[in-house]
Amino acid sequence: MDSIINLQKKIVPELTDLLVQRYQILLQVSHEAPIGRRALAARLGLSERVLRAQVDFLKKSGLLDFSSSGMSVTEEGADILKELADYVRKLQDISFLEKALSDTLKIGRVVILPGDSDQDDVVKREIGRTAAHILSKLLEDGKRHIVAVSGGTTMAAMAANISGSQPNTVVVPARGGLGDNVELQANTIATVLAQKLGASYRQLYVPDSVSEDILNSILQEDVGVRAVVDIIKQADILVHGVGRASVMARHRRLSSDIIAKLEADGAVGEAFGQYCALDGRQVYMTNNAGLMLQDLQHIGIIIGIAGGKSKAAAILSVIRASRQDILVTDEAAAHEILRMSEQQALA
C-alpha cells in the first residue's frame, strides 16, 4: 500500500487532496448528522459550490443520505469511513509523525489524529473515539479488569463512543469531583462508560481540593469511601486526560497565591491534581482521594488522551513526570511537542 500511496502523491496529487476532502466530509457528517449543506460548508471552510459537488458525488456513490433535516452517512458510508481512516493517515504522513513522537517521548505506542482540537471539535471527538476503540480491544481478553478514568471533555468523548459487553469489568473514577460541570466529572464519565460496556462501577464522593485534615478524616471515618479508594488503587488500566496548569487551577478554584506560585514554579501541565513543570518536576498537588502520579507505576496499561497545539507543553510535562504506555493526540499537538523537544535539545 505504501508504494501505491507514494506513487499517487507524486503523479496525481490532486487525487490525494480530493480523497482527503471526501473523507473529511464523511467524518464531519458522521459526527453531526443530520446536518445541512450550509452548516457543513462552514464547518469545513469550503465554498457551498465545492461542497455541493462533493456531497452529490458521495450521495450517488451511496455513502450519504439526504433528508429534509439534513445529510447523514449511510451504513455503507460508515464502513468506507473506517476503511479510509488508515489510508488517509498514511497519505498525510501521520505514521512517520507517530514514530517520531514515540521515539522522542519514549512511549511504546502513539496514535495521532489529523487536525487540531483547538480549531475543530471533531478532532477532539475522534481522539475520544480512537481511545474508546483501543480500550475496547484491551478489554476483549476475557479477564477481569478495573478501569480508572479521569474527567474532561476528551474523556467524555471517549465514554460516548465506547461499546461492548464487559460484565467482568469495574469502572472507577481516578479522582473525586472537579468544578460545577457534572457531565465532565470523572464520576459521571465512569458511570457512562460502565453503562455502555455493561460493566459495574463505583463512585468516589469526595470533593476536589479539600484540606488534608478533612481528607484524612473522611478516609478514616467513611468505610464506603475508603473501600472505593482501595479499588481505585487496584486499577490495571488507566485512561486519563491532560490539562493546562493555568486552566485547571482556575477550575479547581485554587487561591490567587497558589496560582501565582504555580506560575513562578513553571507549572504548565496537570493530571490527577498534580501540577508539573516542562521538565517533569511536580511543583504542586491538590489534596484528593484517588490516584496520584506516583501510583501509576503499579498500573498495567496507561492511556493518555489530549490534543490541540495549546496543550503541547502540558502533554510533554505530564509524560516526563509519569509513565505512559499509549498516547492518543492530534497532529497539531504532535508537531508542537516535537518542535519544543528539538528546541530544548539545541539549547
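In which helix is the place of alanine 190? Alanine 190 sits in helix 9; helices here (H or I, at least four residues) and strands (E, at least two) are DSSP runs numbered from the N terminus.

First, some housekeeping. This is a predicted model, where local features need pLDDT of at least 70 and side-chain atom pairs count only at pLDDT 80 or more, while totals for chains, interfaces and linings use all residues. Residues are numbered from 1 along each chain as its sequence is written, and side-chain values use heavy atoms, with hydrogens and water left out.

Alanine 190 counts as buried because its relative accessibility is 0%; buried means under 20% relative accessible area, exposed over 50%, partly exposed in between (1.4 Å probe, protein chains only). Skipping neighbours within four places in sequence, alanine 190 is in contact with Val149, Val171, Val172, Pro173 and Tyr201, contact being heavy atoms within 4.5 Å. Its C-alpha atom is separated by 9.0 Å from that of alanine 174, 16 residues apart along the chain.

Glutamine 54, in helix 4 (residues 48–60), is buried too, at 9% relative accessibility. Its side chain has a polar contact of 2.6 Å with the side chain of arginine 22. For that term, take a pair of N or O atoms within 3.5 Å; within protein, one must be able to donate a hydrogen and the other to accept it, and residues adjacent in sequence count only if both atoms are side-chain atoms. Again leaving aside neighbours within four places, glutamine 54 is in contact with Leu18, Gln21, Arg22 and Ile25.

Axes are lines fitted to C-alpha atoms, for helices over the stretch in contact, and angles run from 0 to 180 degrees between N-to-C directions.

| Helix pair | Axes come within | Crossing angle |
|---|---|---|
| helix 14 (residues 312–321) and helix 15 (residues 331–346) | 9 Å | roughly 65° |
| helix 3 (residues 37–44) and helix 4 | 10 Å | roughly 110° |

Helix 14 is roughly perpendicular to helix 15, and helix 3 and helix 4 are roughly perpendicular to each other; angles under 35 degrees count as roughly parallel, over 145 as roughly antiparallel, 65 to 115 as roughly perpendicular and the rest as oblique.

Arg37, Arg38, Leu40, Ala41 and Leu44 of helix 3 meet Glu48, Leu51, Arg52, Val55 and Asp56 of helix 4. That contact splits into 5 nonpolar, no polar and 5 charged residues. Here Ala, Val, Leu, Ile, Met, Phe, Trp, Tyr, Cys and Pro count as nonpolar, Asp, Glu, Lys and Arg as charged, and the others, Gly among them, as polar.
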